[in-house]
Amino acid sequence: MGRGNFTTLLVFITAISLFPFIGSGSYVLTVGIFSGINALVAIGLCILMGYAGQVSLGQAGFYGIGAYVSAVISVKFGLPVIVCMAAGMAVAAGAAVVLAIPALRLKGHYLAVATLGFGEIIHVILNEWGLGGPSGFGDIPNFSLFGITVESASSFFYLVWGVVAVTAVFSFNLINSRNGRALRAIHDSETASNAMGVDVSVLKIKVFILSAVYAAFAGSLYAHYVTFISPASFSLFHSVLLLMMVIVGGITNIWGAIVGAVVITVLPELLKKFEEFDILVYGLILTLSLMFFRKGLVPLIIDKLQQRKGSGRA
Amino acid sequence: MKVFKILLAVFIVLGLSMSVANSAGKEPYKIGAIFSVTGPASFLGEPEKNTVIMLQEQINKAGGINGHPIEVIIEDSKSDETQSVLASKKLLESDKVLAIIGPSTTGESMALVPIMNTAKTPLVSCAAGAPITQPVNERHWIFKTPQYDFSVVEAIYAYMKSKGIAKVGIMTVSTGFGDSGKKALQELAPKYGITIAADERYGPKDSDMSTQLTKIKAAGAQAVINWSIGPTQVVVTKNWHALKMGMPLFQSHGWGSKKNIELAGKAAEGVIAPLGRLVVWDKLADKHPQKALLKKYSADYEAKYKSEPGTFGGHAYDSLMMVVEAIKKVGPDKAKIRNYIETKINKWPGTGGIFNMSSKDHCGLDKDALEMVVVKNGDWEILK
Amino acid sequence: MFTVFLQFLFSGLTTGAVYALVGLGFNIIYNATSIINLAQGEFVVVGGLLMWLFSESFKLPFLVSAVLTILVSGLLALLMERLTIKPLPKTDLLLMIMITVAVSILLRGLLMFKFGKNPYVYPPFTEGEPFIIAGAVIQQQTLWVIGITFSCIILIYLFFNRTLIGKAMRACAVNPTAAMLVGIDVEKMIMLSFVLSAMVGAIGGIAVTPISLMEYDKGPMLAVKGFCAAIMGGLGRGRGSVAGGFIIGILESMTAGYIHSGLKDAVALLILLAILFFKPAGIFGSKTALQMRRF
């Protein structure tokens, strides 16, 4: 983890610890919670896309697996929530292996469609065989650990963003490890890294699993916060939205995933003033920001800062 | 980087505009409304939103509630549970509403149950699913105005029984709306001695349902029951007509809009559906307790929006008027509003039927709220 | 039993024809740019809704309405390409694809604003009773849709293989730098591909609206199915995507008929995944061609 990232992390942690004191009220906090949940999925997707060069349009599938497995087990068997969440992540990891093995042979649009197909199949399965069918089910227990139930928005906010912070640190260390360098090598040239003795296949599967586990973790947090889930929340459109978060934030940077997730989650709330025109304004803002901040928001900010530093020295 | 600055400015203006407050004479009573104005369930949210805007104008023009104007704050849930959770938090905390009406769909309403119970604020849902208000002891603050899905099914099955139909094929759209219909259809079939020969499904954007209909025909059904909203029910009707099925087609209460007859054209002839009296008010006897109210609502709505309110706009009418009446009688007190709705909404004529709320039933409608209606010569006709 | 099978087949052909046309539209742009225009579904919707506007609201004659619809759709695509695709560097494919997603959201907003959320329909091209073949029913409009699909594929085949512009467009996709070096105006070719694919989409919309109705938010579903059709057939192969479209339509219908209608989308996709596992470049795609592509 580099020095720049370390400073950013400190700022980030301070910001999230203070946020509930500034942005009081559970509405603002709930927006924050959903941003955090999305950020968690986006970090996984960012590593998958930005570092391993794999596209996925099926992240909502893993997100849904995490939510459903965890929620169903906790409702049906009454096991501790943390155990249910672990089960959700385990099932998602298994599904990731099943998807990753055939997906290894694919690239570009073909990979996109394969992952899209996976997500849609999960969606159909939830619709047909998921508890409650398309109507979904409620009365899912709140998150609890060691007998303490996390119910209020502010405590759940800390929980979610705590998870995001830990995940981000873990991911930074991963990227800067030997495996991480190998990943970037895959992104740049698969053939070359193969020749250098990097086991591309195994590494790709590992990254797929990692991103699936992040998504499943986020899904189970969602289920135990909202306490109601239905298949509609885990559709292809959510996958596309997640992709949008990563691109808007900046695909080559984990901070980008977090910033993108926050922006895309908060934006519709800000646009409520426009009532029905919000979809128009939303589309317009997305189009413009993609066109003008091509590398994504975070790389843009980094560039700006470095420019300023450079000009300051001169 | 001019563009960057412009966009930044846009964001700042947006942020500021959120905090603009509006002023009025006597302090307004705030009521929240969450509807699926956009997204897949916008067929529900659109007339609901229109209805509420129209009623708000009418009520305020007539002097509001005891001199207080009402302010209905409408949030678009985009047919999405996550969004409706956010909307409810915003309404409860930022707007400090006395009650919330909506959401439009069962899933979204279910997602709000724990929130409303914690916030101790009444919710009058515009969705039909039975779990919204049952079990009643866990749904202390939750009411709903649409009739239960099983009331609709009972109306269909009772009619079928009287016509000697014992074997049916059902087809439902794979959304929450179709799913709750499917569950009710399956659950009540034995009670009416009806066997379900085929149980088919389709997506909300599918373009051809001939396969499902063919399967139902091959299974030897005597009638088809279709359960959906939006364009698919018209496509089913067209396919049913083209295939010359030789058996009647029953639709759910979602069929209750003239627009559907218009879209399906002559294919709609003979389609039977159990509908609320709103769409057939002109065919009711003059002394029917709902008639005057239905007539006024339909006429006002059509004058303002150049379209029909349909059954779903009526749900919003009932929800809002119940809350308004409660505030008028007991004042701006959430607990008293809740108690008033539970105990005093009795023999209360609304658009959906005559409501009888109680501590055992937070919906207050049964199958008598519906009429079996057939399409004849491009118009509705009540079946006796 | 045969009648039932035939009826499933007809139903599959009806839905498959639309997927095929959307898939074809994807291919045109892919062939010029290597990207997938995810707003393609919206152009089908634009086609259906504009046709309604011209023929039912303005009461223009059928052919005039159809031509106007196709032209306006082409113009819309021209605007989209000039404003959002042209300014971008042609190397960042993922960015371009995401922009088409953003544009599709914008287009949906515009459509909702203009047409509202209600579905629209107009009479089929030829009025009359459906045909009955061996007991199975096929609507006249379905035959129109299938006929139009095949006419489109033939015209597009001729365009890409027999005309200089068409060949130039294909060259752009394979190697834009080389295409530029031999004097092809790459930018113009890309623009042309957007216009052409939007027109194909609009034609599809015009043809299917009498069968399936049209509303502002039907686009994403069509885009997803068309994308799958194009991939199943093999990207870059116009005929492949048409075959892919019909295969997916028929698979869905047969699954609904013989397995379970609730699983139709899943089974069709599962088969697509299986095909990709054995033929990573689709049924008709060539693996060598795929390796030459950047995306």
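## How two strands pair

Two strands count as paired if DSSP finds at least two bridges between them. Keep that in mind as you look at this predicted model, because strands of a sheet pair through backbone hydrogen bonds, either parallel or antiparallel. In chain B, strand β1 (residues 29-35) and strand β2 (residues 70-76) pair in the parallel sense, and seven bridges join them. To find one of these spots yourself, look for Y29(B), whose bridge partner in β2(B) is I70(B). How does the chain get from β1(B) to β2(B)? It crosses through helix α2 (residues 42-61) of chain B, and this β-α-β crossover is right-handed.

Strand β1(B) also pairs with strand β3 (residues 100-101) of chain B, in the parallel sense and over two bridges. Here A33(B) has I101(B) as its bridge partner in β3(B).

## The whole sheet

Now step back to see the sheet that these strands belong to. Five strands of chain B make up an open sheet with parallel pairing, and their order is β2-β1-β3-β4-β5. Which strands stand at the edges? They are β2 and β5 of chain B; each has a single partner strand, so one side of each has no neighbour in the sheet. Is β2(B) mostly covered or mostly open? It is mostly covered, with six of its seven residues buried.

## A buried alanine

Next, follow chain B to the loop between β4 (123-125) and β5 (142-144), where you will find A127(B). Its relative accessible area is 2%, so A127(B) counts as buried. Setting aside residues up to four places away in sequence, A127(B) touches several residues, including P103(B), S104(B), T105(B) and T106(B). I132(B), K144(B) and P146(B) are also among the residues it touches. As for D149(B), it lies 22 residues from A127(B) in sequence, and their C-alpha atoms are 9.8 Å apart in space.

## Where chain B meets chain A

Let's move on to the interface between two chains. Here 38 residues of chain B are in contact with 34 residues of chain A. The area buried between the two chains is about 3200 Å², and carbon and sulfur atoms give 62% of that area. The interface also has nine residue pairs in polar contact. Which elements of chain B give two or more residues to the side that touches chain A? They are α1 (2-17), α2, β2, α3 (81-93), α4 (106-119) and α6 (176-188). The largest share, nine residues, comes from α3(B).

Three salt bridges cross this interface. One salt bridge that you can look for joins E128(A) to R201(B), with their closest N and O atoms 2.9 Å apart. The side chains of these two residues are also joined by a polar contact of 2.9 Å. E128(A) sits in helix α5 (residues 108-129) of chain A. With a relative accessible area of 18%, E128(A) is buried. Apart from neighbours within four places in sequence, its contacts are R201(B), H260(C), G262(C) and L263(C).

Side chains of opposite charge can pair when their charged atoms come close. Over all chains, the count of salt bridges comes to 32. In one of them, the side chains of E154(B) and K191(B) meet at 3.0 Å, N to O. E154(B) is in helix α5 (residues 149-162) of chain B, while K191(B) is in the loop between α6 and β7 (195-202), so this pair ties together parts of the chain that are 37 residues apart in sequence. E154(B) counts as buried at 15% relative accessibility, whereas K191(B) counts as exposed at 57%.

Another pair is K182(B) and D179(B), with their closest N and O atoms 3.7 Å apart. Because they are three residues apart in helix α6 of chain B, about one helical turn separates them. K182(B) and D179(B) are both buried.

K244(B) and E129(C) also form a salt bridge, with 2.8 Å between the closest N and O atoms. This pair crosses between chains: K244(B) is in the loop between α8 (231-242) and β9 (249-251) of chain B, and E129(C) is in the loop between α4 (93-115) and β1 (131-133) of chain C. K244(B) is partly exposed, at 48% relative accessible area. Finally, salt bridges also form a network that links E269(A), K272(A), E75(B), K90(B) and D95(B).

Definitions and conventions:
Residues are numbered from 1 along each chain as its sequence is written. Chains are lettered from A and ligands numbered from 1 in the order in which they are written. This is a predicted model: local features need pLDDT of at least 70, side-chain atom pairs count only at pLDDT 80 or more; totals for chains, interfaces and linings use all residues. Side-chain values use heavy atoms; hydrogens and water are left out. Helices (H or I, at least four residues) and strands (E, at least two) are DSSP runs, numbered from the N terminus. Buried means under 20% relative accessible area, exposed over 50%, partly exposed in between (1.4 Å probe, protein chains only). Contact means heavy atoms within 4.5 Å. A crossover is right-handed if, with the strands pointing away from the viewer, the path from the first strand over the helix to the second runs clockwise. Buried area is the accessible area (1.4 Å probe) that two parts lose on being put together, summed over both. A salt bridge is a side-chain nitrogen of Lys or Arg within 4 Å of a carboxyl oxygen of Asp or Glu. A polar contact is a pair of N or O atoms within 3.5 Å; within protein, one must be able to donate a hydrogen and the other to accept it, and residues adjacent in sequence count only if both atoms are side-chain atoms.
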